[in-house]
Amino acid sequence: MSQPQDIALRMEAVSKRYDHKRVLDELSLDVPTGSVLGLLGKNGQGKTTLLKCALGLVRPDSGVLTVLHEPANDLSAAAKARIGYVPQEITLYPWMRAAQLIDYMSAFYPNWNSALVSKLMSEWELNPQDRVGKMSVGTRQKLAIILALAHEPDLLMLDEPAASLDPLARREFLKAVLSVAADGARTVVFSTHITSDLERVANRVAILRDGKIVFDGEMDELKDSIKRLHVSSSRALPLALDVPGAVRVKVDGNEALMSVRNVSEQMLDDLRRQHDASVRVEDLNLEDIFLEVQHAGSR
């Protein structure tokens, strides 16, 4: 089957097991070119493994994985030069000064934006003469991000890239990510536990749970898919309140609080009529939705 030209990253039935634990379980995911995809999942759910498989750093046990229309495990030099990567654990040459490391890395890429590097080094207050090994964790993370952005990659893969940055540095980093994707031709896959960051930059979200993608779609689609309902009745509500699409239900006498998928006007009307109740619909932010989806998997 030919690879569609509008898909930057495709995973089809990809599985990966470590010892007796299956980290990825026949996982499938398409990342459209030009999108900024936020990858969400609890610690240990396989986000890092997913990214490493996509980069060809880890070989999956089964499945098909293509990156920039090439097999992930056999990427050409040209394809590798179009990818930027910031790992969760930053490992840079500690004996080098920042300027030396930048010069060294620039030799590997046919496209290197020295002006962008100088701009980010200045804005993020990095001293080119500082030795990498003596930098703080946050400063090394800034340097790793600059190195990943310097060649203006067509595919930028970020694994918890802002975890050690202060709020101001995170904001500047997010601006840089948006600039990468601004022309609609470059793609960003961004794994983080800071949901507020994703809400600022991502237009798509994929939620990973138990080795599978349980949601993959537009950010607005996800926010529309789950709502919180506040139900207030004139009489005691049944403890086993049955609502189609319910993710979580808590009943307390005449009151109920529930999170529900795919809320419709018909559903709301049925609730009001069957239980002689008023129903208020509350929108949820990305963090609340993520927690509700994870809760659904533990039921």
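The entries below go from the whole chain to single residues.

**Ground rules.** I am working with a predicted model, where local features need pLDDT of at least 70, side-chain atom pairs count only at pLDDT 80 or more, and totals for chains, interfaces and linings use all residues. Residues are numbered from 1 along each chain as its sequence is written, and side-chain values use heavy atoms, with hydrogens and water left out.

**Whole chain.** I found 10 helices and 14 strands; these are DSSP runs numbered from the N terminus, helices being H or I with at least four residues and strands E with at least two. Along the principal axes, the C-alpha atoms fill a box of roughly 75 × 45 × 40 Å. Of the 299 residues, 47% are buried (under 20% relative accessible area with a 1.4 Å probe, protein chains only; exposed is over 50%, partly exposed in between). I also checked contacts (heavy atoms within 4.5 Å): among those between residues at least 6 apart in sequence, 66% join residues at least 24 apart.

**Cores.** Which residues touch the most other members of the largest nonpolar core? They are Leu-143 and Phe-173, in a core of 51 residues. Helix H5 (residues 137-149) gives the most to this core, namely seven residues. I then noted another core that lies apart from it, with 29 residues, including Ala-54, Val-67, Leu-75 and Leu-208. A core here is a set of buried Ala, Val, Leu, Ile, Met, Phe, Trp, Tyr and Cys residues joined through side-chain atoms within 4.5 Å. Setting aside residues up to four places away in sequence, Phe-173 touches Trp-124, Ile-145, Leu-158, Pro-161, Ala-162, Leu-165 and Phe-190.

**Helix H1.** I looked at residues 47-54 and found six of the eight buried. Those six are Lys-47, Thr-49, Leu-50, Leu-51, Cys-53 and Ala-54. Just after H1, Gly-56 takes a positive phi of about 80°.

**Ile-83.** This residue lies in strand S6. Ile-83 counts as buried because its relative accessibility is 9%. Leaving out neighbours within four places in sequence, I listed its contacts as Leu-55, Val-67, Leu-68, Leu-75, Tyr-109, His-151, Pro-153, Leu-155 and Met-157.

Strands S12 (residues 246-252) and S13 (residues 255-261) pair in the antiparallel sense over six bridges; pairing takes at least two DSSP bridges. Ala-246 stands opposite Val-260 in S13. Two residues sit between the strands of this hairpin, and Gly-253 there takes a positive phi near 65°.

**Positive phi without glycine.** Where is Glu-125 placed? I found Glu-125 in the loop between helix H4 (114-123) and H5, with phi near 55°. Glu-125 counts as exposed because its relative accessible area is 74%. Glu-152 has a positive phi of about 45° and is found in the loop between H5 and strand S7 (155-159). At 36% relative accessibility, Glu-152 counts as partly exposed.
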